[in-house]
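I opened the model to look up a few things and kept notes as I went. The entries below follow the order in which I looked.

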Amino acid sequence: MEEKQNSQTSLDFNQNIFKPTSRQEIVEIVKTCYKKNIPLEINGLKSKNKIGRNFQSEKTLDLSDYKGIIDYKPEELYIKVKAGTPLKEIIKELDKNNQQLAFEPNDFGYLFSGESNSGSIGGVVSCNFAGSRRFKVGSVRDHILGFQGINGKGETIKSGGTVVKNVTGYDLSKLISGSFGTLTILTELSIKVLPKPETSKTLVIKNPHLKKALDFLGKALSSSTDPSGGVFYPDYFGKDFVLNDLTHDGGLTAIRIEGPTNSVDQRVKRLSKELGLLDQELSILENEQSNIFWNRTKNLEVFKKLESNLLRIVLPISETLQVIQKLKSYDIKYFVDWGGSLIWAAFETLDAKILSDIKDIVKKHQGYITLIKIEDDLKASADIFTIDPIKYKISEKIKRSFDPKRIFNPGKMYTGI
Amino acid sequence: MSSLQMPKVDNAIMSKKDKIASDLRRIINFKNVLSNPDELRPFETDGLTAYRQMPLLVVMPETVEEVSQILKYCNENKVKVVPRGAGTGLSGGSMPLEDCVLMAMGKFNKIIEIDYENRCVVTQPCVTNLAITHAVQDKGFYYAPDPSSQIACSIGGNVAENSGGVHSLKYGATTNNLLGIQVVLMDGTVTKFGGKAMDAEGYDFLGLMTGSEGLLGVITEVTVKILKSPEVVKAALVGFPSIEDAGNCVAEIIAEGCIPAGMEIMDKALTKATNDYSKAGYPTDAEAMMIVEFDGTEHEVEAYIQKTKEIAEKNNSSSLKISKSNEERLKFWAGRKAAFPACGVLAPDYMCMDGSIPRGKLAEVLNEISRLSKKYNLPVANAFHAGDGNLHPLIMFDANDKESLRKCEEFGADILKYCVKVGGALTGEHGVGIEKRELMCEAFNDKDIQQQLTIKVALDPNSLLNPGKVYPILRKCAEEGRVHVHGGKTKFPDIPRF
């Protein structure tokens, strides 16, 4: 896969948007930008490019044509792809072998544009937002076996490989996950894939109360029934989940159980017993409807075309109840994912003062907030990501070690980085 | 053992030993600074006993503040520091340098908090891996990564090396089971990466530190997630007439969607050696033997075991036993866990290699190892974490015979190079340390290594923290890379190694 780095391409540097199809072109663009101190905005399929701070960049690097599956070995449980490959294409390929990306990345298309846009794999890795299975299988970063990228000097670098067990050198795959394109331009990614579970079933408990919901989720996640999803939707979202197997339209707590069919049946039964549930407060979603339910959750469909502000709040489970109770003094709509650790909260009104108050609350409870969708006026003044001075200093050093002239997405995460 | 080049000794530091010792004694309890040779001796090596070096001094801090002050002092005075946990590492990661202060973290040995609500444990770094499980098992929980040295290795060392274990196929290695760490950087900065909330924002420093082999910071606190213990665990012991059949069986089990908790293969040489040693009841006539373990609920385990049985038969299995009790299951593992001492009986010395390969290349790599074994005229036995492709060839030799040692070193390096050639890695779980340092250029080019070194410089500009480890000093690929054991005597002969 090594291409020669010194072969020349006919790069027209006058254009403002570059759409490279080869690594050599990317290298050349970066080398020129490095030499001329030109900042670059890096994009894939733009499904999540509104997340992060606004920043000035003279040129845009659009990686949507740098795509394709390089190598897929189902029996070795990995797929190697170019970074601009649409997630949909990868999932379609994995479907053929009944495999999946276990981390169920969120589809932010519904939120930002009203329809599905699950983005490119490079974008998914750069944002590191994992779906409902997070507490069981880990985040996006836990599934990245290795990568190849271009650093800020235009050098091609790699880390990791295609094998699961690899402790050779620093684990840079972790570092580039969630770095929002500020460290390297990803070119290739090797990702761990896993077999799809034979069956998925979801236990839906009719329950409008957060406290009770968190109690159910806590018990379920600490039981040996091994759930792979746990959410709570308050009353106002109940009607979004009317399915054949689910006629209840009020608040609900849903717990997913996956695996071989007979084991799933056994565990669903056991779990409903452990939670002391009565038949009338319970619905079971069979495989297909269970999948629909969790897709809607992953796609944040309850926030489709949301006008107001959406915040992503991550907390230790023990803190969730108190934090939501405090947030309820604002005009919010929310749901809880990750078995109680993740709150997606839409604020009808949000200003700098409210934001600062909310951040204080969350910080006090050992969590953090990421501003996912936020009005432009506020975006200009607010910190999208939160960071303390010590980590800022370290981040600055790490940024410089990859991108010494700060040409990749400068300021997208933090001022000066 | 061929001599190993380490960073140039700073004579100015050597001549100031007494001053440094007395300065450090002002920072921490004077009894916790060791300076006379008798006191330093126990620290001269870690689990890679072939290499020994007395440190200049040993410090044993008791608080995070002390760690910070010592590092700050050493940074300002350009004194090298080598951190050390339990000292069980197999790649020489905590081997001292002649002019270093060895920071022994042994006094950080308390579990700080058990938090069942958030399903995590906050602990000091020198608590052993197994002690975490012991602390939570009465409530039915456990800590998943299980390096075979888990009775002795420290959790801080696990973080530094990103340790795996038999169960890492299903449950991941240390990096996948960590929630947060507190770290002290070389300039004395104390900070926390991650915490009880998942996926901390910003750059993933938790991921960067994990597996960085003590080069980027000293770990002073660790938060790990704990899991509910599985209800049922069962294992199958399967014999095969050829390595190819065993390899195909592994591939098919995975392809069928069964993810075992553990899956091990041993070749005929090792099956026989371990069976003779531990009377595990292994099929010694089989060319390859597989232990496959499933955990979960009763129905789930039954379903997987049934499927495994069908797949094994399809792949010409010559024998198949399913564990009927927990005792029987542990007996299946007893032989496998005795792989190291069993080899110790067969030859005066052995080297344990630690390569990672794609699962499907097992037969090809074993054939190559067998070819090399003939070429170098040294016997070899192979153990393989088949689930995640981690291969441990044990090369038998006689260290008293220089020619035998040289051949063994070359043989080992050839194996690791071949692992890289087929798409694998130089080390699956033992780490690079000093052992495979010069082989790094087999896996990485100059630019890759330079990028990593730039990160090191960003956090430790004077390269004082654990220098001479992981990255090549010679800038050439020397023929090194193994764990050496003489006369069956490891540093900790009672710790299982596999």
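Entry 1, nonpolar cores. I am working with a predicted model. I looked up the largest nonpolar core and found that it has 268 residues. The residues with the most contacts inside this core are B:Val81, B:Val101, B:Met103, B:Val224, B:Met290, B:Cys343 and B:Ile395. I then noted a second, separate core of five residues, which includes B:Leu48, B:Ala50, B:Leu90 and B:Ile434. For background I wrote down that nonpolar side chains tend to be buried together in soluble globular proteins.

I took helix H9 (residues 243-255) and helix H11 (residues 298-314) of chain B, which pack at an angle of about 145°. Their axes are 9 Å apart, and the crossing of H9(B) and H11(B) is right-handed. On the H9(B) side I listed B:Cys249, B:Glu252 and B:Ile253, which meet B:Thr308, B:Ile311 and B:Ala312 in H11(B). By class, I have four nonpolar residues, one polar and one charged in this contact.

I found chain A divided into domain 1 (1-196), domain 2 (199-298) and domain 3 (301-381). The centres of domain 2 and domain 3 of chain A, taken over C-alpha atoms, are separated by 24 Å. Their contact takes 16 residues from domain 2 and 12 residues from domain 3. On the domain 2 side, the elements that give two or more residues are helix H7 (210-221), strand E12 (229-233), helix H8 (235-238) and helix H10 (287-298) of chain A. H7(A) gives the most to that side, with six residues. I sorted the domain 2 side by class and noted 10 nonpolar, three polar and three charged residues.

I located A:Ile284 in strand E14 (residues 282-285) of chain A. Is A:Ile284 buried, exposed or partly exposed? I put A:Ile284 down as partly exposed because it has 17 C-beta neighbours inside 10 Å, and 20 or more would be needed for buried. Leaving out residues up to four places away in sequence, A:Ile284 touches A:Lys201, A:Leu203, A:Asp245 and A:Val268. I also checked A:Arg53, 231 residues from A:Ile284 along the chain, and their C-alpha atoms are separated by 42 Å.

Definitions and conventions: Residues are numbered from 1 along each chain as its sequence is written. Chains are lettered from A and ligands numbered from 1 in the order in which they are written. This is a predicted model: local features need pLDDT of at least 70, side-chain atom pairs count only at pLDDT 80 or more; totals for chains, interfaces and linings use all residues. Axes are lines fitted to C-alpha atoms, for helices over the stretch in contact, and angles run from 0 to 180 degrees between N-to-C directions. Helices (H or I, at least four residues) and strands (E, at least two) are DSSP runs, numbered from the N terminus. A crossing is left-handed if the near helix is turned anticlockwise from the far one by less than a right angle, and right-handed if clockwise. Two residues are in contact if their C-beta atoms, placed from the backbone, lie within 7 Å. Ala, Val, Leu, Ile, Met, Phe, Trp, Tyr, Cys and Pro count as nonpolar, Asp, Glu, Lys and Arg as charged, and the others, Gly among them, as polar. A residue is buried if 20 or more other C-beta atoms lie within 10 Å of its own, exposed if 12 or fewer, and partly exposed in between; C-beta atoms are placed from the backbone. A nonpolar core is a set of buried Ala, Val, Leu, Ile, Met, Phe, Trp, Tyr and Cys residues joined through C-beta atoms within 7 Å. Domain bounds come from an automatic or database domain assignment.
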